[in-house]
Amino acid sequence: MDIAAAMDRAVEASYAAMGVSSPNPPVGAVILAADGTLAGVGATQPPGGPHAEVMALRDAGDAARGGTAVVTLEPCNHTGRTGPCSQALIEAGIADVHYAVGDPNPVAAGGADTLRAAGVRVTGGVGAADVENGPLRPWLTRQRLGRPMVTAKIAAGIDGRIAAPDGTSQWITGPAARDHAHRQRARIDAIVIGTGTALADNPTLTARAPDGLLYAHQPARVILGHRDLPVDANLRDDTGGRLVRIESHDPAAVLAALPDALWILVEGGPHILGAFFDAGLVDEVHAYVAPMVLGAGRSSVEIPGVTTLDDAHRFHTTSLMPLGDDVLITMTRPLTPTRER
């Protein structure tokens, strides 16, 4: 297996850690034996558990000696709840290390230098762009901006309507789009709605597989607003993630209530979404667009302060994904500390 293919496999492994490893980064690692064959694969475990490199070394066993480690993030160089991964690689007899992204955290950085000092050949920046814009993007957002990455999710017809005038909204998108949205829920730390949506739709906000079974990881369910939930509300069911009530409409209150979160998904309604856009806190938009025209009804986002085109919140389109008859449009802002409009 060549290094590029090994990095692809490490990225694939890292997806399993998303939502599970927080506040630690979701890292994937691959160990190649000295002859280049795949010997071990690992991903970061929940906080307090082994990091990706240690899991991959355990999987590889004796085959790691003289082999190569391929990791999505520079191996850590500090002792926290676990020991430094750089030292684990040295003790396992790894000869070469290839990583994608340098660790921006000054507490954990320096693993590459430690490895080189021990005689290990180290190459950084392997597949960095794909990794930075993939599984590591939420963690890198927190490192650079000091807050979680926020994704706004919209499911609408091509005219931007999310419900008909009578309030009906299920289902605008088809099964493939809904299944994709549930897979995304299984990777995030928290999902946010307002009490209006909670009372109107009585959602569960769980992450469910196509067969209806719950995914192993369930995001926290965050409800913004002052109205109370009925005692029999689906959100009170303990089969999903923990319920977080925030008696406010301020997006900053959500961030304060989730200090360890890496990735938050805001599902609306239009005023809650509008508040996050207006606060400059939306890093990414997932727009599930159905081939449907309602012509009337609720708009997907309401931002009262926007009165002219110059006030528009602009993003870059990064991908288009057909999902049955629907299309997922992913749009992002550049990952910078300043608000871009």
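Which strands and helix do the buried residues of H6 pack against? They pack against strand S3 (68-73), strand S4 (96-101), helix H5 (128-132), strand S6 (149-157), S11 and strand S15 (326-332). The model is predicted.

**Helix H6**

- Helix H6 spans residues 137-145.
- Its buried residues are Arg137, Pro138, Trp139, Leu140, Thr141 and Arg142.
- Among the partners of these buried residues is S11, the strand of residues 263-268 that holds glutamate 267.
- Glycine 146 follows H6. The phi of glycine 146 is positive, near 75 degrees.

**Annotated binding site**

- An unreviewed UniProt entry places the feature "binding site" at Arg185, Leu205, Arg208 and Glu267.
- The lining of the largest pocket includes Arg185, Leu205, Arg208 and Glu267.

**Arginine 208**

- Arginine 208 sits in the loop between helix H8 (195-201) and strand S9 (220-224).
- Arginine 208 counts as partly exposed because its relative accessibility is 28%, between the limits of 20% and 50%.
- Beyond residues up to four places away in sequence, arginine 208 touches His182, Arg185, Leu213, Leu214 and Tyr215. One of these, Arg185, also carries the "binding site" annotation in UniProt.
- The side chains of arginine 208 and threonine 204 are joined by a polar contact of 3.0 Å.

**Glutamate 267**

- Glutamate 267 belongs to strand S11.
- With 18% relative accessibility, glutamate 267 counts as buried, because the cut-off is under 20%.
- Setting aside neighbours within four places in sequence, glutamate 267 contacts Lys153, Arg185, Ile191, Val192 and Ile193.
- A side-chain to side-chain polar contact of 3.2 Å links glutamate 267 to arginine 185.
- Arginine 185 is therefore in contact with two other annotated positions: arginine 208 and glutamate 267, where contact means heavy atoms within 4.5 Å.

**Glutamine 184**

- Glutamine 184 lies in helix H7, residues 175-185.
- Glutamine 184 is buried, at a relative accessible area of 11%.
- Apart from neighbours within four places in sequence, glutamine 184 is in contact with Trp263, His286 and Tyr288.

**Glycine 241**

- Glycine 241 is in the loop between S9 and strand S10 (243-246).
- At 8% relative accessibility, glycine 241 counts as buried.
- Not counting residues up to four places away in sequence, glycine 241 touches Gln218, Pro219, Ala220 and Arg221.
- Isoleucine 191 is 50 residues from glycine 241 along the chain. Their C-alpha atoms are separated by 9.5 Å.
- Isoleucine 191 (Ile191) is also among the contacts of glutamate 267.

**Aromatic side chains**

- The structure holds one aromatic pair.
- Phenylalanine 277 and phenylalanine 315 form this pair edge-to-face, at 6.0 Å centre to centre and with 90 degrees between the planes.
- The pair links distant parts of the chain, 38 residues apart. Phenylalanine 277 is in helix H10 (residues 270-278). Phenylalanine 315 is in the loop between strand S13 (298-299) and strand S14 (316-323).
- Phenylalanine 277 and phenylalanine 315 are both buried.
- Elsewhere, the charged end of arginine 178 sits over the ring of tryptophan 171, 4.4 Å from the ring centre.

Notes: Residues are numbered from 1 along each chain as its sequence is written. This is a predicted model: local features need pLDDT of at least 70, side-chain atom pairs count only at pLDDT 80 or more; totals for chains, interfaces and linings use all residues. Side-chain values use heavy atoms; hydrogens and water are left out. UniProt positions are given in the numbering used here, feature names are shortened, and annotations may be inferred rather than shown by experiment. On a 1 Å grid over the protein atoms alone, a cavity is a set of points where a 1.4 Å probe fits but cannot get out, and a pocket is an open set with protein on both sides within 12 Å along at least five of seven lines; lining residues have an atom within 4 Å of a point. Helices (H or I, at least four residues) and strands (E, at least two) are DSSP runs, numbered from the N terminus. Buried means under 20% relative accessible area, exposed over 50%, partly exposed in between (1.4 Å probe, protein chains only). A polar contact is a pair of N or O atoms within 3.5 Å; within protein, one must be able to donate a hydrogen and the other to accept it, and residues adjacent in sequence count only if both atoms are side-chain atoms. Rings of Phe, Tyr and Trp (its six-membered ring) pair if their centres lie within 6.5 Å; planes under 30 degrees apart count as stacked, over 60 as edge-to-face and the rest as tilted. A charge sits over a ring if NZ of Lys or CZ of Arg is within 6 Å of the ring centre and within 35 degrees of the ring normal.
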